[in-house]
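Me: I am new to this structure and would like a close look at a single part of it. Could you take me through the inside of the fold, and show me what surrounds it?

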Amino acid sequence: MPVVAAFMSKTGLPMASLVRLTGVLFAASGLAFLYRYSIHVLDRRRALTAVFILAGSALYVRWSHYFLTSIPAGLLILLAVYLVRDRRFLAAGLASSLAFLTRYPGALIGPAVVVFLLIRYVRTGNIHRLVRDGMIYSTGVLLLAVPFMAFNQVLYGEMLHSVLSGATVPALNPDKYLFGLWYPVNMMLSALPVSSLLVTGGIAASLTQLKLRREKLDLPVIAFSTLYIFFTIYPHKLNRFMLLLLPLGAFLTSDLLHTLTEYLPEPDYPLKGFSLLHVILLVSLLASSFAVAEQSTGRLDERKEFLSATEDLTGTVLSNSPSTIVGGEFRYIPVRPEHLGQGPMLDVNSCTSRKDTGFCKVSSEEVDHVAINRCSWYCTPAIENCEENIRRFEDRLNKSFEEVYSSRGGRCDYYVYSR
C-alpha cells in the first residue's frame, strides 16, 4: 500500500480524499468479485445472498473507506481461490504472492492451496499432475516473493525482515492482544449480528462440508479454516484483521443458509424463498451504513485535515501515525510509547534489526517536524511508565518545537510541530 500511495501522490490530486476513494473502490471491487466467484461456483441466488451478507457487515462497511491493506488482501485471496479452481496456477501463484505482499497473513493462502492440491490428486492417484501443478503455482508465488526477499536481504540483512519486525509489536505487548479459539467470534460479536454471522457461519459451513464432501467447496473451506486457525493462535487486537476472512465467510455462509432451506417447508407468504433474507440483509446494510457514518464523520473530517496538514512537510518527520506517509514525501520515523527516550532529547530508536538504523533511528537534531495523533498512542501494562513517557515527550516537544497545527475537541487530537 505505501507503494500504491507513492504513485498516487504523483497525480497531484488531494491525497486525503483520493485515499478514501481508493478504499471505497477496493471494497466495491471485493463485493463485485465475490458475486462473480459465487456465480462461478454456486448459483445466482447464493451469489446474491453472499454479497448481501458481506455488504451488510458493519465491519466491512466500517473500514470500506479506509486506505488499509486488509480488504484488498481479502480480495486477492479470493482471486487466488478462483484462479486455482480455473486451473490457472501461474496466475493463482501471482495472486497469492500479491496477497502476501499486501498483508503478510495473506501468505497463508499458499499452504491452503498446497493442501487442496494434495487432497485432490492423492484422492485420484494423479501424483504427476500434483507435482506439475504445484511447481507452476510455486513459480507464480516466487516471481514476486523472491525480489521482495532479496530487497529485504540487501537493505536489512534479513530476507523476511519486514515480516518479522511487524510481528514484534504483539510479541512486545502481549497483554494488549487476545488469544483463544473463539477470539474471532468474540470480536465479531462486538459489531452487528451480520458480522458475527460471517465467521460463525463460515465455521459451521466448514464443519458441514466434512459431512457433505462437495469438492467445489474444498478450497474455500481449507482457505477459511487456515486463516481462522492462524488468527486464533497469533496475538492480535483489532477486529479489522478479520477482514481477510470475510469474503470467504460470506461465501460459505450463503451456501450453508441456502442448503438449510432445502430441508424447510416452502413458505406461503408473498416474499418466498430467500427473498425475505435479502430484505433483512439490505436493512442490515443500511443500518450499518448509517451507524458507521454517524460514528465516523467527525473523526474523518479531522483526520482529513490532519493529513492535509502533513502533505507539504519535508525533511525528517517523527510520527506515531503511519497515515502521514500517505500524503507526504519525507523521511518517516515511526514512534511508539516503548520507543520514547528518557532523556531531555527527542531521540527515538524504532529499529528491529542492526542493519536498518538509517531508516528507524533519529536524534533530536535530525527531526524537522513531529506529527502526532493522540488516538495512536497505545499504552499497555507491558510498557513501563507509558503515560509518563508520553507526557515527557510532549513536554519536550513544546520546549524545542513550535506547534503549527492542532485539531482538538473530537474523538482524536491531532498536532503538527515544526522546529
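Reply: Let's start with the largest nonpolar core, which has 59 residues; Tyr-37, Ile-109 and Phe-251 are the members that touch the most others. Helix α5, residues 70–85, gives the most to this core, eleven residues. Please keep in mind that this is a predicted model.

Apart from its neighbours within four places in sequence, Phe-251 is in contact with Leu-34, Tyr-37, Ser-38, Val-41, Leu-42, Ala-50, Leu-217 and Pro-220. Tyr-37, then, is both a contact of Phe-251 and, with Phe-251 and Ile-109, among the core members that touch the most others.

Ile-109 leads us to helix α7, which runs over residues 109–124. With 16 residues at 1.5 Å a residue, α7 should span 22 Å, and the 23 Å between its end C-alpha atoms agrees with that. Which residues of α7 are buried? They are Ile-109, Gly-110, Ala-112, Val-113, Phe-116, Leu-117 and Tyr-121. These residues lie on the same side of α7, because they cover an arc of only 160° around its axis.

What do the buried residues of α7 pack against? Their partners are α5, α6 (89–102), α8 (127–156) and α12 (218–233). As for α6, its 14 residues reach 20 Å from the first C-alpha to the last, close to the 20 Å expected at 1.5 Å a residue. Buried residues in α6 include Phe-89, Ala-92, Gly-93, Phe-100 and Thr-102. Just past the end of α7, Gly-125 takes a positive phi of about 75°.

A second, separate core holds 18 residues, including Val-335, Val-362, Ile-372 and Ile-383. Val-348 belongs to strand β3, residues 348–349. Its relative accessibility is 3%, so Val-348 counts as buried. Leaving aside neighbours within four places in sequence, the contacts of Val-348 are Leu-318, Ile-333, Pro-334, Val-335, His-339, Cys-360, Lys-361 and Val-362.

Strands β1 (residues 316–319) and β2 run parallel and are joined by four bridges, and Thr-316 stands opposite Arg-331 in β2.

Finally, let's step back to the whole chain. Its secondary structure comes to 16 helices and seven strands. Of its 419 residues, 50% are buried. Among contacts with a separation of 6 or more, 70% are between residues 24 or more positions apart.

Terms used. Residues numbered from 1 in each chain as written. Predicted model: local features only at pLDDT ≥ 70, side-chain atom pairs only at ≥ 80, totals over all residues. Heavy atoms only, no water. Core = buried A, V, L, I, M, F, W, Y, C linked by side-chain atoms within 4.5 Å. Buried < 20%, exposed > 50% of the residue type's maximum accessible area, 1.4 Å probe, protein only. Helix = DSSP H or I, 4+ residues; strand = E, 2+ residues; numbered from the N terminus. Contact = heavy atoms within 4.5 Å. Expected span 1.5 Å × (residues − 1). Arc of directions from axis to C-beta. Pairing = 2+ DSSP bridges.
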